[in-house]
Amino acid sequence: MNPNESGHSVGIRLARGRTRWRFLPHVLLVIVVIMIITGVALSASQRTSPVSPQLQRVQLLRDISATLDMTDGSWKFSGDATPWAVEVAERQSAELCVDGVSFTSEGSERYEVALLGPTVGSLESAIDAVRDAWRERGYEVRDAIPLSSGYPEIVAQTPEGITLAYSANSSGTSLSGRTQCFIASDE
């Protein structure tokens, strides 16, 4: 066999091999784009709840009320000096559901309640009492800020997807809750 022929035939084989794989980067790019779009769509669907917004609000107010029933002292809405009342909370409008990554709402809303409460004698006792009550109700509870900080906060996730947070410090206590996001209606 002539060296030119063998070199030539190898060159043809390589060229054919390159031709066959020439579209591979494009195919991989399309696959990656599809995976990203699918991931974003799944992420958005997981941020919205299948439960109606009205039922979510009822569950939120039930959870807030149950927590307040086990605490002493008076509570008020954090935005003003209005004393806590379920009737007042029921009249509040939904808030934009801002995504923590892109800081956009993408047409979704949620109900939120934020309250300020009285001072407590013992931060540890107050936190433990709420933690125990939430666990008895079947909530998943975790420490958001440790007791050693002097500003302890616990966060709970209810089986219905409601998020609750309770904190206590020398200035007082706070309790907040929010529903899952839901698609805003045109009503």
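Two strands pair if DSSP finds at least two bridges between them. Helices (H or I, at least four residues) and strands (E, at least two) are DSSP runs, numbered from the N terminus. This is a predicted model, in which local features need pLDDT of at least 70 and side-chain atom pairs count only at pLDDT 80 or more, while totals for chains, interfaces and linings use all residues. Residues are numbered from 1 along each chain as its sequence is written, and side-chain values use heavy atoms, with hydrogens and water left out.

**The sheet.** Begin with the six strands that form an open, antiparallel sheet in the order β1-β4-β8-β7-β6-β5. At its edges are β1 (76–77) and β5 (140–145), each of which pairs on one side only. Next, select β6 together with β7 (residues 163–169): the two run antiparallel and are joined by five bridges. Within this pair, A156 has L164 of β7 as its bridge partner.

**The helices on the sheet.** Then select helix α3 (residues 53–69), which lies across β4 (112–117), β7 and β8 (172–178) and runs at about 160° to β8.

**The disulfide.** Which residue does a disulfide join to C97? Select C181: the S to S distance is 1.6 Å, and a disulfide is a pair of cysteine sulfur atoms within 2.5 Å. C97 lies in the loop between β2 (95–96) and β3 (108–110), and C181 lies in the loop between β8 and β9 (182–183), 84 residues apart.

**Confidence.** Finally, colour the chain by pLDDT, the predictor's confidence in each residue, from 0 to 100. The mean for the protein chain is 78, and 67% of its residues reach 70 or more. Among the elements, strand β6 (residues 153–157) has the highest mean pLDDT (97) and helix α2 (residues 24–47) the lowest (48). Select residues 8–15, where pLDDT stays under 50 and the model has zero contacts beyond four places in sequence. Over residues 37–47, pLDDT also stays under 50, with four such contacts. Where pLDDT is low, the predicted coordinates should not be read in detail.

Key: Contact means heavy atoms within 4.5 Å. Axes are lines fitted to C-alpha atoms, for helices over the stretch in contact, and angles run from 0 to 180 degrees between N-to-C directions.
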